[in-house]
Amino acid sequence: MVSQDTIVNKLRELARNLWWTWQPHVIELFRELDPVLWRETDHNPVVFLDRIPPEQLVRRASEMALISRIDYAFRRLNEYLENKDSWGTIHASILRARPVAYFSMEFGLHESLPIYSGGLGVLAGDHLKSASDLGLPLVAVGILYAEGYFRQSLDADGWQHEHYPFNDPAQLPIEEAKTPDGHPVRVAVDTRSGTLHAKVWRVEVGRTTLLLLDSNVPENSESDRALTGRLYGGDARIRIRQELLLGVGGVRALYASGIDPSVIHLNEGHSAFAGLELIRMVMDAEGRPFGEAVRDVAGMTVFTTHTPVAAGHDRFGADLVEENLGKLREQLHLSFDDFMGLGRVHPGDHNEPFCMTVLALKLSRHANGVSALHGKVSRRMWHPLYPNRTEEEVPIGHITNGVHTLSWLAPQMKAIYDRHFGQNWAGRMRHPEVWAKASEIDDGEFWETHQVLKARLLEFVRQRLQRQALRRGADDREVSSFESMFDLDTLTIGFARRFATYKRATLVLKDAQRLARIVNASDRPVQLIFAGKAHPEDRYGKEFIQQIVKISNSEEFRGRLAFIEDYDMNVARFLVQGVDVWLNNPRRPQEASGTSGQKVAMNGGLNCSILDGWWAEGYDGRNGFAIGSGRTHSVPGIQDERDYADLMDTLASQVIPLYYDRDSDGLPRKWIARVKDCIRTLGWRFNSDRQVMDYAQFAYLPACGGQPCVMPHHC
Ligand SMILES: *Cc1c(COP(=O)(O)O)cnc(C)c1O
């Protein structure tokens, strides 16, 4: 007889390491223990296990014959944690004693840990997971938001409302971080308006640890207690204080935890104050002057910029900087003007605010954008900082983003890869030979699996639409009308992302009559599924959502176009795994990389995208669809007109005909051939294992050895 404690403890340990989030066999375990509760708890195993009494858990596990699978999962977790035979052991052993410290304002690891808003966070989460898989020594630093980013609901008018459920630490997979001698880690940062205190939590992400700062402690004033309440929710003062806590508090949290990093990676400029704290430490410990300390710290600092739009970079006025950084400035022995100069393109320009990206660029010797095109845009944008160089010589290279394959790949599609790609293909996923085998997959086998995933998506859409209608007070007839909507054999296009206006969610709706004719074409119909959140302050983004919802309720579009509320990683998984086509039509070159299309590509969907971000380098003419040829125009309205014309043309002349071109077995052979090209050419490149290895090779290893930057494009 198995002991009750053993089973329950094994499940709890599995729940406490986010490794389970990319192990389909563990996810299945939780689900099978209680499918309804699993969904009700938003796939949060900590809450889930809390809600089932231990006896019931054990009874259920034996009834369902899950005991040996729990043992197996537990054994696999421990093997994974103890595996010494990793890429990192061979290629990055120098980082073992002194790891990389990776700073980010948000981390998207799973929907049950809601401390992310979108692409930046998901990228950071995927980076940690790949660092873990590769055995690359890396410790991450972020913030535990008491409420996180908001949950979205729409009213009957299609207007977005925001909700902020409390993230109860007791219900999250986190523990108190401890100092080497076992005390809780606490950090304090002095400012002119009082000392800011924080406690520190730790999250295990496979072999990687994430430290999260939390200002909700009794020592703080009421307003500082609320500081880490919301992600991107506050005014400039809250923002600079959050960034002070992340950067300066983050460095202190690392050292208090006994971690002495050899490389600092700033994922976006939010955390750039970290560099100042390190400079202070070098000056204190070694008595070096500021200029020399800057050189040392910059040599070990890697900075990744994500924002191709000038207005999108954090900037703070002099008063806020002095209030919050004044104490640190004194310790650095800098005058107010010299300090402000660190955040200015023109240090002497007293009207110029303090820009976090400028600070990050000045405090790092290894800087990169997140796609080849974005690297180029960034070199142009920051050229004024380097007046003695040509634009080409601006020291910003690029490393293109990727996604964590096992987190985003549908288990059913993974099963196909398991059969065709060879033993342990996931451990070799950055090699083109592995993915070349995609051409051997049987068309029928592939299509059947794709249809299964698409059916899952459509069922999810119907259920969500019913739930949304119920909440808005719709009558039974309306609610049940959704049961028969959306059709498996209709070309299905997905569009889901943050509703930042540059992403132009409503572009395809520009001429509703024209779109109505397309979606209702009797022989070749089309259906569209939208999802996404607008920033609470972004009226235009909210109007875009409203416009989509209004159209979806009109007679011509009912059952052909839907908006799914509350986009998160769970909704994203359903969409990227089930759609036929992923639509992406940002205003080039404003999409620094974009990553959701990469998730679609590995799952057997095709991208239909503007040649921006990653797609500008991923598209080869045969592995998806391009909208236009990458032209831009200085007048946004003209660019939008042209892109709209190109979008409609691509849909009508390429996407729709190819999808409906069937052979006598009913298979779209040419479409499937294109999907296989997509998997073959994109799978090995746009995954986060390749991304982390690039960071290791081009940035981390040079930085920890004090070597010059070797970032692609040059530094
Ligand atoms: C992948 C992902 C993103 C990033 O999508 P983009 O293509 O960069 O817009 C944003 N949000 C969620 C929930 C995601 O899963």
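## Two packed helices

Helix α10 (residues 236–256) packs against helix α13 (residues 318–331) at an angle of about 20°, and their axes are 9 Å apart. This is a predicted model. Angles under 35 degrees count as roughly parallel, and α10 and α13 are therefore roughly parallel to each other. Their crossing is right-handed.

On the α10 side, the contact is made by Ala236, Arg237, Ile240, Arg241, Leu244 and Val248. On the α13 side, Leu320, Val321, Glu323, Asn324, Leu325 and Leu328 take part.

## Aromatic pairs

A pair of aromatic rings is described by the distance of the centres and the angle of the planes. The count for this model comes to 30 aromatic pairs. One of them joins Trp22 and Tyr80, with 6.4 Å from centre to centre and 75° between the planes. Planes over 60 degrees apart count as edge-to-face, and the pair of Trp22 and Tyr80 is edge-to-face.

Trp22 lies in the loop between α1 (4–16) and α2 (24–33), while Tyr80 belongs to helix α6 (residues 67–82), so the pair ties together parts that are 58 residues apart in sequence. Trp22 and Tyr80 are both buried.

Ring pairs also link a cluster made up of Trp447, Phe625, Tyr659, Tyr660 and Trp671.

## Charges over rings

Which ring does the charged end of Lys599 sit over? It is the ring of Trp408, and the charged end of Lys599 is 3.9 Å from the centre of that ring. The charged end of Arg539 sits over the ring of Tyr540, at 4.9 Å from the ring centre.

Notes. Residues are numbered from 1 along each chain as its sequence is written. This is a predicted model: local features need pLDDT of at least 70, side-chain atom pairs count only at pLDDT 80 or more; totals for chains, interfaces and linings use all residues. Side-chain values use heavy atoms; hydrogens and water are left out. Rings of Phe, Tyr and Trp (its six-membered ring) pair if their centres lie within 6.5 Å; planes under 30 degrees apart count as stacked, over 60 as edge-to-face and the rest as tilted. Helices (H or I, at least four residues) and strands (E, at least two) are DSSP runs, numbered from the N terminus. Buried means under 20% relative accessible area, exposed over 50%, partly exposed in between (1.4 Å probe, protein chains only). A charge sits over a ring if NZ of Lys or CZ of Arg is within 6 Å of the ring centre and within 35 degrees of the ring normal. Axes are lines fitted to C-alpha atoms, for helices over the stretch in contact, and angles run from 0 to 180 degrees between N-to-C directions. Angles under 35 degrees count as roughly parallel, over 145 as roughly antiparallel, 65 to 115 as roughly perpendicular and the rest as oblique. A crossing is left-handed if the near helix is turned anticlockwise from the far one by less than a right angle, and right-handed if clockwise. Contact means heavy atoms within 4.5 Å.
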